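Me: I have a structure open and would like to go through it piece by piece. Could you help me read it?

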Amino acid sequence: MTVLPALQAELAAATNQLLATAASLSDADVAAPSLLPGWTRGHVLTHLARNADSYVNLLTWAKTGVRTPQYASREARAAEIEATARRPAARLLADVEDGAARFAAAVRDLPEHAWRAPVQGMRPPPHPAWYVLVRRLREVGFHHVDLGAGFGPGNWPASFVRRELHDCLRTWPPDHGTIGEIVILDRAPGGTGTGGIPPGGAATHGERPGAPSPTGTTGGAAPPSSAAGRASGAASPAGAAGGRPPGAAPPSSAAGVGAPDAAPPAGPASGRAPDAAPPTGALGGEAPGAAGGRAPGVASSAGAGTAEVWPGLGHGPAVTGTPRDLLAWLTGRSGGQGVSLLPAGQSHVPGPGGVDLPEPPPWLSMTAPADLPATPPKDYP
């Protein structure tokens with residue numbers, strides 16, 4: 001038994017949630033700004049459709065052994081998105097549905113041995129074909145939030161949060177670290193719960209939590225047709241500057257921030273992009289000791305237990321928060337709500353989240369960790 005069935009099941013659920021949100025959008029909704037500056041919701045939906053096709057290309061490469069680029073070029077990808085992003089809502093929905101169906105068929109048709117085949121996205125390193133499922137989950141999970149239509153970081157499954165934080169650490173750019181240490185809490189200060197870590201389990205990797213989750217939601221998306229119908233914390237088509245949630249800091253202006261596999265819109269600042277080129281000069285290497293050199297967790301006061309500590313990340317301050325809140329901040333899906341500075345020598349969480357935080361470092365400086373096993377593992381991470 002490998003991790004493949006679990007990844008496929010998680011992707012099917014995430015895709016169904018995305019399609020439900022897309023189906024609830026009107027023509028006016030898809031023409032409204034998304035949470036990615038410079039992109040409408042139509043741009044985000046079009047990118048998700050083309051991204052699915054790009055991963056069909058990688059699975060074709062794995063199946064046939066013939067090098068099949070993910071995209072013809074960055075310029076061609078951007079031009080296609082721009083040319084088709086302003087279609088009516090029904091056509092955008094059909095495009096996302098069709099792309100998802102083509103990808104699902106390619107997954108079903110891939111021979112078992114082909115999951116071990118090396119493929120590569122638009123930048124290194126190469127990775128085994130099974131990791132394409134992780135990359136597609138990343139695209140769907142982060143860009144669903146970017147639609148600003150009722151689905152927020154609070155809707156991310158705990159497995160998604162764990163996996164993305166894990167890969168975030170393993171692709172950390174040590175020479176560009178604006179943070180010296182991350183202290184991951186297993187529950188919010190003064191509260192209960194696991195903050196994205198399954199009961200009884202410590203976090204082993206971390207993704208950056210996003211914007212405040214829709215109040216009271218555990219999955220699915222609220223219809224975006226009216227402000228009253230939106231979940232708390234989700235931006236409405238009108239009123240929020242640049243389509244960002246009220247009170248959220250604008251995403252970093254560095255290139256390569258925002259969409260998991262998309263280059264950000266040319267010119268405007270954008271959120272962190274999982275597969276976009278990193279900011280100029282960002283290292284693509286793994287932080288020394290990242291695979292297992294994390295310091296053990298320590299007891300914490302103020303009612304919040306420490307699940308894990310990531311030391312030696314850079315020369316900046318220490319920050320702390322739950323896995324979900326950290327992942328949202330690190331990936332540009334929040335302004336740092338729930339994330340706080342941790343003064344040296346103190347184990348409690350000071351002050352309100354999001355105050356005086358440094359700019360997050362370049363996220364996902366590589367499209368995949370460099371040392372993934374060729375054979376699909378039993379579990380990942």
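Me: Is helix 8 enclosed or open, and why?
Reply: In this predicted model, helix 8 is largely enclosed by the rest of the structure, because seven of its eight residues are buried. Those buried residues are Pro323, Arg324, Leu326, Leu327, Ala328, Trp329 and Leu330.

Me: OK, helix 7 then. How many of its residues are buried?
Reply: Ten of the 13 residues of helix 7 are buried, which leaves this helix mostly covered. Among the buried ones are Phe160, Val161 and Leu165, but also Arg163, Glu164 and Asp167. Together, the buried residues of helix 7 pack against helix 1 (4-23), helix 6 (131-146), strand 4 (306-310) and helix 8 (323-330).

Me: What is the reach of helix 7 from end to end?
Reply: Helix 7 covers residues 158-170 and reaches 19 Å from its first C-alpha to its last, which is close to the 18 Å expected at 1.5 Å a residue.

Me: Helix 6 keeps coming up. How does it sit against helix 3?
Reply: Helix 3 (residues 41-64) packs with helix 6 at an angle of about 180°, and their axes are 11 Å apart. Because of that angle, helix 3 counts as roughly antiparallel to helix 6. On the helix 3 side the contact includes Val44, His47, Leu48 and Tyr55, while helix 6 brings residues including Val132, Arg135, Glu139 and His143.

Me: What classes of residue make up that contact?
Reply: The contact of helix 3 with helix 6 has eight nonpolar, three polar and three charged residues.

Me: Let me pick out His143. Is it buried or exposed?
Reply: His143, which is found in helix 6, counts as buried because its relative accessibility is 0%. The side chain of His143 also makes a polar contact with the side chain of Asp146, at 2.9 Å.

Me: Stepping back, how many helices and strands does the protein chain have?
Reply: The secondary structure of the protein chain comes to eight helices and six strands, and buried residues make up 54% of its 381 residues.

Me: What share of the contacts links residues 24 or more positions apart?
Reply: Counting contacts in the protein chain with a separation of 6 or more, residues 24 or more positions apart account for 74%.

How values were computed: Residues are numbered from 1 along each chain as its sequence is written. This is a predicted model: local features need pLDDT of at least 70, side-chain atom pairs count only at pLDDT 80 or more; totals for chains, interfaces and linings use all residues. Side-chain values use heavy atoms; hydrogens and water are left out. Helices (H or I, at least four residues) and strands (E, at least two) are DSSP runs, numbered from the N terminus. The expected span of a helix is 1.5 Å times one less than its number of residues. Buried means under 20% relative accessible area, exposed over 50%, partly exposed in between (1.4 Å probe, protein chains only). Contact means heavy atoms within 4.5 Å. A polar contact is a pair of N or O atoms within 3.5 Å; within protein, one must be able to donate a hydrogen and the other to accept it, and residues adjacent in sequence count only if both atoms are side-chain atoms. Axes are lines fitted to C-alpha atoms, for helices over the stretch in contact, and angles run from 0 to 180 degrees between N-to-C directions. Angles under 35 degrees count as roughly parallel, over 145 as roughly antiparallel, 65 to 115 as roughly perpendicular and the rest as oblique. Ala, Val, Leu, Ile, Met, Phe, Trp, Tyr, Cys and Pro count as nonpolar, Asp, Glu, Lys and Arg as charged, and the others, Gly among them, as polar.
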